[in-house]
Amino acid sequence: MKIYIGTDIVENKRIKEAYEKHGEKFLERVYTEREIEYCFRKKEFLPCLSARFAAKEATIKAYYQAFKKTLTFKQIEILGYKNQPAEILLHHVENIYRFNISLSLSHEKNYSIATVIVYTA
């Protein structure tokens with residue numbers, strides 16, 4: 001088994017500024033409809049968006065290390081569940097390799113961080 005790790009940290013202010021400047025265009029370029037709906041149900045939606053942005057970046061890094069293929073933001077969906085860990089769903093990804101992918105998210109007032117691990121057989 002081989003293990004590939006991607007980590008990313010995002011200053012929440014950066015996502016706030018992008019959203020304020022570009023609005024729906026920014027959201028639609030980066031997030032899936034389910035991600036937007038999930039985050040906007042939260043009282044503090046910006047840390048949720050930031051954590052998902054970090055998770056997408058971390059996924060891109062780990063996936064590229066494992067398979068030498070670059071994913072786009074919209075191919076990566078971070079699903080959230082109340083009182084359960086988030087998980088990654090990949091869309092329109094043709095991969096002949098067997099692999100598993102794990103995600104850890106965290107955020108606080110100013111920053112959000114994500115670590116993604118891709119395990120290959």
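This tour moves from the sheet to the helices packed on it and then into the nonpolar core.

The model is predicted, so local features need pLDDT of at least 70 and side-chain atom pairs count only at pLDDT 80 or more, while totals for chains, interfaces and linings use all residues. Residues are numbered from 1 along each chain as its sequence is written, and side-chain values use heavy atoms, with hydrogens and water left out.

Begin by selecting the three strands of the open sheet, which run in the order β1-β5-β4 with antiparallel pairing; strands are DSSP runs of E of at least two residues, helices runs of H or I of at least four, numbered from the N terminus, and two strands pair if DSSP finds at least two bridges between them. The edge strands are β1 and β4 (99-107), each pairing on one side only.

Next, select β1 and β5, which pair in the antiparallel sense over 10 bridges, and pick out D8, whose bridge partner in β5 is A114.

Now select I15, F26, Y31, L49, F53, I78 and L103, the residues with the most contacts inside the largest nonpolar core, which has 33 residues. Such a core is a set of buried (under 20% relative accessible area, 1.4 Å probe, protein chains only) Ala, Val, Leu, Ile, Met, Phe, Trp, Tyr and Cys residues joined through side-chain atoms within 4.5 Å. The helix α4 gives the most to this core, with 12 residues.

Finally, centre on I78, whose contacts, leaving aside neighbours within four places in sequence, include R52, A55, L103 and L105.

How values were computed:
Buried means under 20% relative accessible area, exposed over 50%, partly exposed in between (1.4 Å probe, protein chains only). Contact means heavy atoms within 4.5 Å.
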